[in-house]
Amino acid sequence: MHRKIATLLAGALLATGATAHAADDEEEKAVEYRESVFHVMGHNFKPMGDMMKGEIDFDAEEFATRAERVSQLAHMPMEGFVEGTADVAGSEAKPGIWENWEDFQGKMEDLQETSAELAEVAQGGDKGAIAPKFKAVGESCKACHDDYKED
């Protein structure tokens with residue numbers, strides 16, 4: 001499982017290769033890193049949402065795999081929110097992150113907790129039991145995006 005996550009993250013980082021060459025300093029690299037992690041999270045989260053909405057067939061095994069990935073990835077973005085990244089051009093992070101660091105950190109911890117709960121429940125394959133946990137992860141994402149991500 002961890003090998004799959006590492007492979008996905010490596011692919012996302014390679015996909016940003018064109019901008020990675022332009023990033024000469026550590027702050028720009030940190031922003032690229034966190035944005036890559038969020039991109040891979042979204043790549044896994046969207047099909048789960050499509051399954052929950054009935055837009056694609058619910059595949060319990062695939063859902064559980066994607067939920068586990070999101071749970072693992074949820075611990076990674078904080079590494080990219082380092083000192084000096086508040087003013088990196090092109091970042092989608094709002095200045096409020098650094099002004100309200102404890103709140104932001106709490107929201108990231110909530111994402112970690114809710115995604116771990118989702119991954120655990122998803123192992124059972126019961127869509128009805130999964131639904132409220134999936135909703136909680138979505139609400140965690142939205143809470144942070146509303147306050148701390150540029151549209």
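Is Cys 141 buried, partly exposed or exposed? Cys 141 is partly exposed, with a relative accessible area of 24%; buried means under 20%, exposed over 50%, and partly exposed in between, using a 1.4 Å probe and protein chains only. This is a predicted model, in which local features need pLDDT of at least 70, side-chain atom pairs count only at pLDDT 80 or more, and totals for chains, interfaces and linings use all residues. Residues are numbered from 1 along each chain as its sequence is written, and side-chain values use heavy atoms, leaving out hydrogens and water.

**Cysteines**
- The count of disulfides is zero, a disulfide being a pair of cysteine sulfur atoms within 2.5 Å.
- The sulfur of Cys 141 lies 8.4 Å from its closest cysteine sulfur, in Cys 144, which is too far for a bond.
- Cys 144 is buried, at a relative accessible area of 9%.

**Nonpolar core**
- The largest nonpolar core has 30 residues; such a core is a set of buried Ala, Val, Leu, Ile, Met, Phe, Trp, Tyr and Cys residues joined through side-chain atoms within 4.5 Å.
- Two or more residues each come from helices H3 (26-52), H4 (60-73), H6 (101-122) and H7 (127-148), where helices are DSSP runs (H or I, at least four residues) numbered from the N terminus.
- H3 gives the largest share of this core, eight residues.

**Met 48**
- Met 48 is found in helix H3 and is buried, with a relative accessible area of 0%.
- Not counting residues up to four places away in sequence, Met 48 touches Phe 63, Arg 66, Ala 67, Val 70, Leu 118 and Phe 134, contact meaning heavy atoms within 4.5 Å.
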